[in-house]
Amino acid sequence: MNQNWLQHALRDTPFKLQRQAIALAGLGLFVAIIIGALYLAQSTANATLGRQLEELIAKRDQLEQTNEQLRSSIAQLRSVPRLLDRAKQLGFVDSGQQNIEYLVVNGYNPNRVQATPQPEAARPDVPEYDESFVGWVQQQWDAFTSQLSSFSNGGDP
Amino acid sequence: MTAQQGQTQIDTFNSRLPIVVIGMVMISALLVLKLFSFQQLSLDVINELSPDYNRNINLAAARGIIYDREGQRLAVNTLEYRIGISPNLVSNPQRTATQLAAILNLDELETYQALSSDQSYVLLAPRVSAEIGQQVEALELDNVIRIEKIPRRVYPQGTLAAQILGFVGGDLQGYYGVEGKFQDQLAGRAREEVVSNIPFEVTDQQEADKGNDLYLTLDRDIQFLVESQLQQSITETGATGGTIIVMNPRSGDILGMASWPSFDPNDYSASRERDWRNPAVSEQYEPGSIMKVLTIAAGLDSGKISKDWTYNDQGSIDVGGIKIENWDRRAHGVVDTQGILVQSLNVGAATVSLSMGPIDFFKYMSKFNVGRLTGVNLEGEATGTMYILGDPDYSDSSLGTDAFGQGLATTPLQMITAISAIANDGLMMQPNIVQKIVTSDGEVPSQPTALGRPITADTAHLVRDMMVVVVRDGLDSDAQLPGYTVAGKTGTAEIPTPVGYRSDAWIMSFIGFLPADDPQVIVLIKLDEPTTGRWASQVVAPIFRRLAERLVVLMEIPPDDVRLALAAQGGDVNGVQR
């Protein structure tokens, strides 16, 4: 019995060593795949955000141009000749000296000293730090699942 | 299957399994390594494989906006589009021609013929509005259509303040006015930037350095009033041109400045080049009797004459071989200092300058900045001309003629700047057109700058009181404004030619400020060759009154009685100024 066990052990020892090496290599591969998957997920998220950012920048530029056009139009619509015409259409007339009455209010001094409230002491504008490792892992996981769901839906991320 | 055979298969499986696993591990490792090398190690290879990895973009800087003192936009930026197409890339010319012709308002058949050619580029519309350009963009003809955005400067108030603003040419450079003077500030800085096409590397820094915004001291409403009054005056008097300047004598801020002829900065090429200049700062003229105000001020301040000083006016005086006569060619007998201004006597002014002597007289004129740049921040300012003792062109008669504003030349802005010293207690402020400059770092307000103090406050008050009498009791009574104390003086100047002075045309002007005891506004009106009268007191003084009637409403300047009542209880006129 002792001899059989010894023979069995001697026969199986190399294979056990091989299995340990394979297990280590498999573990390493698994870790590498996990890291690769996380890297790919992060890269995809970055690429998606990059495209979205490009689109937003283009949209912003277009909106700024549109705003400038609108401001120009507003300025043209508020030009003095147009306002005068509009006022005349509405029945307004130029006010002359005879139409204006200045009132002197007894005891009122327009140049009186006014008490102005003091501004509050400025506080440092530093955002509160609330990041944690668990939160970061949760963010990665959410991004990963979001990518997976968007790919499986076949639509744009 | 026997137990021995089964054991043999298991042994075989066990012996091959490591080989398979090792193979898979190696293949996976190779894949991971290759992936890593693609991501990190082979950027140069990727660049070679894809030349479009980076692209150059030109970031045009937006030109700064120009506002009036109340924030009303006087100059803004818009975009226009140039639409072109590559016919050789158009797959469906008929449909494309139909779409483009409808949007661009083109003939559909001609558009179709253009698109049916095999040319690489055809210009469809050289300049269309941004609205139409965006409609073309929306067609998504990305591969065939070529849309270029062309920045354009627009002046939404039309011709308002055209000579102050100047314009921006097709080369995007500012010319004349503040556009030219502040080109460097307004233009900003365009940049060319290399941008990656890889979406990982998007940056938000794709902006050029925008130009600074300018806030002018102009008040749009006052500017419109000044321009409309000038236009009306020229029409009524048959003048060939003219200038009106409205300024705050306390600060030197120019509130309104108009000259005619003018131009439309939105269509500057349709007007003559000489109309682009601003005559208020670049045109010299002989100011005439307005100059007597400075002569009297100089005489009083130097101590050569006093308020009670008198002389015997015999109707003419000989200075340096030139016979100087009064405007009415009459002798006025014994006249005091105030009488010289009230009756606008050339002989009296010449007598004062002679009593001062050339050194003192021209020293004071130089202190009043006559014949010198004011340094206003507008392009094209002229220096004026005044020959002083020692100049090659100086003649002895200059001392006499300069005293009543003939034989020397100033710009309208120089003249109003000099007289503003009388209004501002003897302190002469530098005229200023820019209230503040807004940069990306904040606002840079302009500070009032004094050019000097040519006379004392007491002298200024004396001369001011005489100018009040000129309007109240003198020749210029048509400039009176009921309820307000106005100080002023007219000038009717002969126009020089290479062979002498014209006898058929004059430059008529009026300068006045109000309220006289606490001036808030000073106005210069100048008309070239009006035909409805012989003297400025007849032609220009009533125009001042009409303009001042509206100015006091726009500037909310109360009548004297209200002002005095306010002052009696601790306020002053500034308390009711907007």
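**Exercise 1.** Are H16(B) and H17(B) roughly perpendicular or roughly parallel to each other?

*Solution.* The model is a predicted one.
Step 1. Two packed helices are described by the angle between their axes and the distance between the axes.
Step 2. For helix H16 (residues 412-423) and helix H17 (residues 457-473) of chain B, the packing angle is about 100°, and the axes are 7 Å apart.
Step 3. Angles of 65 to 115 degrees count as roughly perpendicular; H16(B) and H17(B) are therefore roughly perpendicular to each other.
Step 4. On the side of H16(B), the contact is made by B:Ala421, B:Ile422 and B:Ala423, and on the side of H17(B) by B:Ala460, B:Val463 and B:Arg464.
Step 5. Sorted by class, the contact of H16(B) with H17(B) comprises five nonpolar residues, no polar residues and one charged residue.

**Exercise 2.** Determine the strand order of the open five-stranded sheet of chain B, and state which helices lie across its strands.

*Solution.*
Step 1. The order is E11-E10-E22-E21-E20 (chain B), and the pairing is antiparallel.
Step 2. Strand E11 (254-260) and strand E20 (487-497) of chain B are the edge strands, each pairing on one side only.
Step 3. On average, and with direction ignored, neighbouring strands of this sheet are turned by 10° against each other.
Step 4. Strand E10 (residues 241-247) of chain B is joined to E11(B) by six bridges, and the two run antiparallel. Opposite B:Val246 stands B:Gly256 in E11(B).
Step 5. H17(B) lies across E20 and strand E21 (500-514) of chain B, at about 80° to E20(B). Helix H19 (residues 541-554) of chain B lies across E10, E20, E21 and strand E22 (521-528) of chain B, at about 140° to E22(B).

**Exercise 3.** Decide whether B:Leu160 is buried or exposed, and identify its contacts.

*Solution.*
Step 1. B:Leu160 belongs to the loop between strand E5 (145-154) and helix H6 (162-165) of chain B.
Step 2. A residue is buried if 20 or more other C-beta atoms lie within 10 Å of its own. B:Leu160 has 26 C-beta neighbours inside 10 Å and therefore counts as buried.
Step 3. Leaving aside residues up to four places away in sequence, B:Leu160 touches A:Val80, B:Gln223, B:Phe224 and B:Glu227.
Step 4. B:Pro265 is 105 residues from B:Leu160 along the chain, and their C-alpha atoms are separated by 9.0 Å.

**Exercise 4.** Describe how E13(B) and E14(B) are connected.

*Solution.*
Step 1. Four bridges link strand E13 (residues 316-319) and strand E14 (residues 322-325) of chain B, which run antiparallel.
Step 2. B:Ile317 has B:Ile324 in E14(B) as its bridge partner.
Step 3. E13(B) and E14(B) form a hairpin with two residues between them, and B:Gly320 in the turn has a positive phi of about 60°.

Technical notes. Residues numbered from 1 in each chain as written. Chains lettered and ligands numbered in written order. Predicted model: local features only at pLDDT ≥ 70, side-chain atom pairs only at ≥ 80, totals over all residues. Axes fitted to C-alpha atoms, helices over the stretch in contact; angles between N-to-C directions. Parallel < 35°, antiparallel > 145°, perpendicular 65-115°, else oblique. Contact = placed C-beta atoms within 7 Å. Nonpolar A, V, L, I, M, F, W, Y, C, P; charged D, E, K, R; others polar. Pairing = 2+ DSSP bridges. Buried ≥ 20, exposed ≤ 12 C-beta atoms within 10 Å, placed from the backbone.
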